[in-house]
Every structure is written in structure tokens, then in C-alpha cells.
Amino acid sequence: MEAILRSIFDLAVHHGLSSPRQIVRIAGGSVNQTFAVDDRYIVRLNTRDPHVRKFAREKIAFELLAATRVPVPRVFVLDESRQVVSADALITEMLPGQSVSSRWEELSPAERAQLAEKAGRIWAEIAAIQLPY
């Protein structure tokens, strides 16, 4: 784990995002290794599917969705060079909030219904976006 943390540090410095003081692996990412950097950035590494340019597509989707009411992070870096880290990397801003799954049991039935309705509206906006791929 120490080597990957050093790689993330080097990646942030390489792209001018400052020298990280804290890098924490985020549990729950089922496909990409995900790290929080200084509670400001999210760094994701495509280590499972290196032949798929999924972060390039994700960057395009984020940019298109930024013009909607869908909360999406700003993309700071898409690095597909594999010169600093051995995988494609996507660095975005860290959005405020918590995962729904971490709070679901605490919500009342009315809050769950309200959240589900809001999620439905967001999914409708996402579905309305025409992606170029």
C-alpha cells in the first residue's frame, strides 16, 4: 500500500495540485482504487480494466452534466500517460456529503421517499444527456 500512496503523492505534485499532506484510501469502490487527498481531491486509478479508456468517457460525461442541475465534480486531471502511476488516473474535486448507503438505515420512510424522488429526477437529467460515444 505504501508504494501506491507514494505514486498518488507524485501524481498530485506532477500535475501541480500541491504536495498532499493526507492520502486516505476510500472503501467501497468496487472497480477502481479510490483515494481522498487532503479532503479536497478524489484520485481514482483504473487498475482493473487498463485496456478500457473509461476515465476519458467519464470526464466527457462530467463536463456535459456540469451544465445541468446534476451535482458532478470538477475534473482537474485526466492522466492516461502511465508515466507517474502505472494506471490511468482521474483526479476530481471532492464533493461534500455522504454516501446514501452509509445513512440509509437512519432515514425515516418519508426521508427515504423524498431521497428516492430526488434521485429519480437526477437520473432523468442524466438520461437526457446525449453522449458523443
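At 59% relative accessibility, D39 counts as exposed, where exposed means over 50% relative accessible area, buried means under 20% and partly exposed lies in between, with a 1.4 Å probe and protein chains only. D39 is placed in the loop between β2 (33-37) and β3, and its phi is near 50°, a positive value in a residue other than glycine. A positive phi in a residue other than glycine is also found at R82, where the angle is near 60°; R82 lies in the loop between β4 and β5 (88-93) and is partly exposed, with a relative accessible area of 35%.

These values come from a predicted model, in which local features need pLDDT of at least 70 and side-chain atom pairs count only at pLDDT 80 or more, while totals for chains, interfaces and linings use all residues. Residues are numbered from 1 along each chain as its sequence is written, and side-chain values use heavy atoms, with hydrogens and water left out.

The protein chain as a whole has 4 helices and 5 strands, which are DSSP runs numbered from the N terminus, helices being H or I with at least four residues and strands being E with at least two. Read along the sequence, these elements follow the pattern α-β-β-β-α-β-β-α-α, and the C-alpha trace spans about 45 × 35 × 25 Å along its principal axes. Of the 133 residues in the protein chain, 32% are buried. Among contacts (heavy atoms within 4.5 Å) between residues at least 6 apart in sequence, 47% join residues at least 24 apart.

Strand β3 (residues 41-46) contains N46, which counts as buried because its relative accessibility is 1%. Leaving aside residues up to four places away in sequence, N46 touches N32, V52, K54, F55, A87 and D88. With one of these, K54, the side chain of N46 forms a polar contact of 3.3 Å; such a contact is a pair of N or O atoms within 3.5 Å, and within protein one atom must be able to donate a hydrogen and the other to accept it, while residues adjacent in sequence count only if both atoms are side-chain atoms.

The structure holds 1 aromatic pair. Y41 and F76 form this pair with an edge-to-face geometry, at 5.3 Å centre to centre and 85° between the planes. By definition, rings of Phe, Tyr and Trp (its six-membered ring) pair if their centres lie within 6.5 Å, and planes under 30 degrees apart count as stacked, over 60 as edge-to-face and the rest as tilted. Because Y41 lies in strand β3 and F76 in strand β4 (residues 75-79), the pair ties together parts that are 35 residues apart in sequence. Y41 counts as buried at 6% relative accessibility, whereas F76 is partly exposed, with a relative accessible area of 28%.

Turning to helix α2 (residues 54-65), one finds I60 there, partly exposed with a relative accessible area of 31%. Another partly exposed residue is S18, with a relative accessible area of 37%, and its place is in the loop between α1 (2-14) and β1 (23-25). S18 touches A12 and V13, not counting residues up to four places away in sequence. The C-alpha atoms of S18 and K59, which are 41 residues apart along the chain, are separated by 22 Å.
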